[in-house]
Amino acid sequence: MLPEVTHWLERRSSAAADWPVPRLLEAKRSGRASRVSVVLPALDEEPTVGNIVRTIRTELMDRYPLVDELVVVDSGSTDRTGEVAARAGARVVHRDDILPRIPALRGKGEVLWRSLLVTSGDIVCFVDADLREFSADFVSGILGPLLTDPSVQLVKAMYDRPLEIGDTVVPAGGGRVTELVARPLLNMYWPELAGFVQPLGGEYAVRRGLLERLPFPCGYGVETAMLVDSLQSVGLDAMAQVDVGVRRHSHQDEAGLGRMAGEIWQAVLERLHRDGRVRKGAGGLNTVFAQFERDEEGFRVSSHDVAAHERPPMITIPEYRNRTALAG
């Protein structure tokens, strides 16, 4: 590990318990840019989204006014995700109703990108909507460094991720794509980011001034891209991580993880090409993945297009600039 990363780990790593909410509330009241938006990207998360929204609403809005707005962006749920979230106290917005002149693409990154148009916080906190046993520490913890130190621009949550398969629990067995794909790539190409425990984690908070200047891969490459682009934009010392304990959530099967890995690879290759470190082939990448399943007749092939698109920085979108000008 680079010496500067070792120093960064000591300086910019903390635990949620280090950031008690009353202290953060006092820092928020005395800060200049401290309006906080929490965004939950959601797709068919009826079993979990209500408890997450209810916890944030009760603990961080009603009991302590730390969070100013709570928005669930639904990307096309077929269950009662939107209804459950609204009843629990969130404002629910459908992805396709945001910036309708640009047809929506599939993917989590697309939802996060569009959420900037329907939120107003100086700090935007993203939380996945599939978390079980959710605690308000997931939000207050990652807000801590941002509310107390104006030099911090981005904070990632770190946690244990047990792999739960039926009644079997493998401690720290989750995060397979992190260990097999993201961590090796970051260590090899951007070793300054080697200190992030959960580079692909979906819980992080970022100052709007940084977010609006970043491109957003539409799919699962968004977290990797955001770390790399933030490093190059603001530097490692403007980034931090906070230990929030244990993260329990649903897990994808191996085929789904393979497609996720493909999108992450594309985000990495795009940045390596942008930085002049690799050349794009004349024919481009083959983004149609062949995957196999066995049935009673043998192996069956299925093809999946994992082409990863990117959205430009939100600050370049006229509707966003107009909205920001009116707000100012």
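## A walk through the predicted model

The structure you are looking at is a predicted model. Cys218 is buried too, because its relative accessibility of 3% falls under the 20% cut-off. If you are wondering about cysteine pairing, a search of the whole structure finds zero disulfides.

**The nonpolar cores**

Which residues have the most contacts inside the largest nonpolar core? They are Trp190, Leu193, Leu211, Phe216 and Met226, in a core of 49 residues. Helix α10, covering residues 254–274, gives the most to this core, with six residues. Apart from this core lies another, made of 44 residues, and Val21, Met61, Val127 and Leu143 are among them.

Trp190 deserves a look of its own. Once neighbours within four places in sequence are set aside, Trp190 is in contact with Leu185, Val228, Leu231, Gln232, Val268, Arg271, Leu272, Asp275 and Arg277.

**Where α2 meets α6**

Now turn to the helix pair α2 and α6, the latter spanning residues 137–148. Their axes come within 10 Å and cross at roughly 35°, and the crossing is left-handed. On the α2 side, the residues taking part are Val21, Arg23, Leu24, Ala27 and Lys28. They meet Ser140, Gly144, Leu147 and Thr148 of α6. Sorted by class, this contact has four nonpolar, three polar and two charged residues.

Leaving out residues up to four places away in sequence, Arg35 touches Lys28, Asp68, Glu69, Ser120, Gly121, Asp122 and Ile123. Lys28 also belongs to the set of α2 residues that meet α6. Arg35 and Val67 are 32 residues apart in sequence, and their C-alpha atoms are 7.4 Å apart in space.

**Two loop residues with positive phi**

Asp44 has a positive phi of about 55° although it is not a glycine, and Glu133 likewise has a positive phi of about 55° without being a glycine. Asp44 is found in the loop between β2 and α3 (46–63). Glu133 is found in the loop between β6 (131–132) and α6, the helix that crosses α2. Asp44 is partly exposed, because its relative accessible area is 31%. Is Glu133 buried or exposed? Glu133 is exposed, as its relative accessible area is 60%.

**Asp160 in strand β7**

Asp160 is found in strand β7, which runs over residues 154–160. A relative accessibility of 45% makes Asp160 partly exposed. Beyond its neighbours within four places in sequence, Asp160 is in contact with Gly245, Val246 and Arg247. Asp160 and Val38 are 122 residues apart along the chain, with 22 Å separating their C-alpha atoms.

**Accessibility at a glance**

Here are the values for the residues visited above.

| Residue | Relative accessibility | Class |
|---|---|---|
| Cys218 | 3% | buried |
| Asp44 | 31% | partly exposed |
| Asp160 | 45% | partly exposed |
| Glu133 | 60% | exposed |

How values were computed. Residues are numbered from 1 along each chain as its sequence is written. This is a predicted model: local features need pLDDT of at least 70, side-chain atom pairs count only at pLDDT 80 or more; totals for chains, interfaces and linings use all residues. Side-chain values use heavy atoms; hydrogens and water are left out. A nonpolar core is a set of buried Ala, Val, Leu, Ile, Met, Phe, Trp, Tyr and Cys residues joined through side-chain atoms within 4.5 Å. Buried means under 20% relative accessible area, exposed over 50%, partly exposed in between (1.4 Å probe, protein chains only). Helices (H or I, at least four residues) and strands (E, at least two) are DSSP runs, numbered from the N terminus. Contact means heavy atoms within 4.5 Å. Axes are lines fitted to C-alpha atoms, for helices over the stretch in contact, and angles run from 0 to 180 degrees between N-to-C directions. A crossing is left-handed if the near helix is turned anticlockwise from the far one by less than a right angle, and right-handed if clockwise. Ala, Val, Leu, Ile, Met, Phe, Trp, Tyr, Cys and Pro count as nonpolar, Asp, Glu, Lys and Arg as charged, and the others, Gly among them, as polar. A disulfide is a pair of cysteine sulfur atoms within 2.5 Å.
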